[in-house]
Amino acid sequence: MTRNSRRSQGAEYAILTDEKQSPALRLESIAGIRNEKTKRIGRFCEDEYLAETAEGLAEYAGLKALSQINWPLFTSCETVMKAIF
């Protein structure tokens, strides 16, 4: 991951966690960041988006498995994640 990629992810995270803005405005802001990044570095964004998708699917699968294996632990993780996001 490049320094610029980490910086844009930091900006996206800051937008996502800013509760002063409406969810629609947050998503619009993130879409603007990603569109600008795509204009600047083009095809390289595809690789980043594919990696993010794979990571998201892996996280989802892990949480689904945890919910089946250890429900109390899953619900405690869910509570923490809701507090963060």
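1. Helices here are DSSP runs of H or I with at least four residues, numbered from the N terminus. On that basis, Trp71 and Phe74 both belong to helix α4, residues 71-84. They sit three residues apart, about one turn of the helix. Please keep in mind that this is a predicted model.

2. Overall fold. The chain has four helices and zero strands. Along the sequence the pattern reads α-α-α-α. Of the 85 residues in the chain, 15% are buried. Among contacts with a separation of 6 or more, 24% join residues 24 or more positions apart.

3. The aromatic pair. How many aromatic pairs does the chain have? The count comes to one. The ring centres of Trp71 and Phe74 are 5.2 Å apart, and the planes meet at 40°. Planes under 30 degrees apart would count as stacked and over 60 as edge-to-face, so this pair is tilted.

4. Is Trp71 buried or exposed? Trp71 has a relative accessible area of 51%; the cut-off for exposed is over 50%, so Trp71 is exposed. Phe74 is at 15% relative accessibility. Buried means under 20%, so Phe74 counts as buried.

5. Packing of α2 and α3. Helix α2 covers residues 23-41, and helix α3 covers residues 44-69. Their axes come within 8 Å and cross at roughly 135°. Over 145 degrees would count as roughly antiparallel, and 65 to 115 as roughly perpendicular; α2 and α3 are therefore oblique to each other.

6. Residues at that contact. From α2 come Arg34, Lys37, Thr38 and Ile41. They meet Phe44, Cys45, Glu48, Tyr49 and Glu52 in α3. What is the make-up of this contact? Four of its residues are nonpolar, one is polar and four are charged.

7. Helix α3 on its own. Its 26 residues should span 38 Å at 1.5 Å a residue. The end C-alpha atoms of α3 are 38 Å apart, which agrees. Which residues of α3 are buried? They are Cys45, Glu48, Leu63, Leu66 and Ser67. Cys45 and Glu48 are also among the α3 residues that meet α2.

Technical notes: Residues are numbered from 1 along each chain as its sequence is written. This is a predicted model: local features need pLDDT of at least 70, side-chain atom pairs count only at pLDDT 80 or more; totals for chains, interfaces and linings use all residues. Side-chain values use heavy atoms; hydrogens and water are left out. Axes are lines fitted to C-alpha atoms, for helices over the stretch in contact, and angles run from 0 to 180 degrees between N-to-C directions. Helices (H or I, at least four residues) and strands (E, at least two) are DSSP runs, numbered from the N terminus. Angles under 35 degrees count as roughly parallel, over 145 as roughly antiparallel, 65 to 115 as roughly perpendicular and the rest as oblique. Contact means heavy atoms within 4.5 Å. Ala, Val, Leu, Ile, Met, Phe, Trp, Tyr, Cys and Pro count as nonpolar, Asp, Glu, Lys and Arg as charged, and the others, Gly among them, as polar. Rings of Phe, Tyr and Trp (its six-membered ring) pair if their centres lie within 6.5 Å; planes under 30 degrees apart count as stacked, over 60 as edge-to-face and the rest as tilted. Buried means under 20% relative accessible area, exposed over 50%, partly exposed in between (1.4 Å probe, protein chains only). The expected span of a helix is 1.5 Å times one less than its number of residues.
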